[in-house]
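Good morning, and thank you for the time.

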Amino acid sequence: MRNGKLRTFQPFKVLRGDWEGLTRWLRSFVALDPEKRPDPETVRKELDRESLVYEIARSRIGELWDVAKGHDDVGLKRQLWADRLSLVYGTAINDDDLFFQHTYLTIVAKTMATLVLDVKVPDAPKLLSGRVFQDAGIEGVDPAI
């Protein structure tokens, strides 16, 4: 569901004998396996914009945004994000979907970084604030909104 409407996912193109591909595609609709190695192929297949994980996260981020966007400090951080992005692209960027995608990628990257550091994934506020990285002696990790 997105904005109250059903959305289709990337269809699976059946190839003769590709039962592993089919089971991997079906498994993505059930759950993400936390025991999988976060290698590039697994990350792409399980966490990209075509995955169920992304759709669920994007929907939840959108719901949270609807609640939080009225707060002055959150609005300011959102504007700073848009300003920085406009410097990169050379044009004004003010797209909620792109903002939600960047927020999702920040969460995924910080979660994967905790796995690399071999520390327990903390609760969301500590993860997003970058505190877990400061505790590990890593400076400069920007907080997410």
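Let me start with a question: is T114 buried or exposed? T114 counts as buried, at 0% relative accessibility; the term buried means under 20% relative accessible area and exposed over 50%, with partly exposed in between, for a 1.4 Å probe and protein chains only. Please bear in mind that this is a predicted model, in which local features need pLDDT of at least 70 and side-chain atom pairs count only at pLDDT 80 or more, while totals for chains, interfaces and linings use all residues. Residues are numbered from 1 along each chain as its sequence is written, and side-chain values use heavy atoms, with hydrogens and water left out.

Now the overall picture. The protein has seven helices and zero strands; these are DSSP runs numbered from the N terminus, helices being H or I of at least four residues and strands E of at least two. Of the 145 residues in the protein, 23% are buried.

T114 lies in helix α5. Leaving aside neighbours within four places in sequence, T114 is in contact (heavy atoms within 4.5 Å) with V119, V121, P122, L127, V132 and F133.

Helix α5 also holds K110. K110 is buried, with a relative accessible area of 6%. The K110 side chain reaches the backbone oxygen of L128 at 3.0 Å.

I turn to the nonpolar core. Such a core is a set of buried Ala, Val, Leu, Ile, Met, Phe, Trp, Tyr and Cys residues joined through side-chain atoms within 4.5 Å. The largest one has 14 residues, of which W65, W81, F99, F100 and Y104 touch the most other members. At least two residues of this core come from each of α3 (52–68), α4 (72–89) and α5 (96–117). Not counting residues up to four places away in sequence, F100 touches R58, I61, G62 and W65.

Finally, how do α4 and α5 pack, and at what angle? The angle is about 95°, and the axes are 11 Å apart; axes are lines fitted to C-alpha atoms, for helices over the stretch in contact, and angles run from 0 to 180 degrees between N-to-C directions. α4 is therefore roughly perpendicular to α5, a term that covers 65 to 115 degrees. R78, W81 and L85 of α4 make this contact with D96, L98, F99 and H102 of α5.

Thank you for your attention.

Technical notes: Angles under 35 degrees count as roughly parallel, over 145 as roughly antiparallel, 65 to 115 as roughly perpendicular and the rest as oblique. A polar contact is a pair of N or O atoms within 3.5 Å; within protein, one must be able to donate a hydrogen and the other to accept it, and residues adjacent in sequence count only if both atoms are side-chain atoms.
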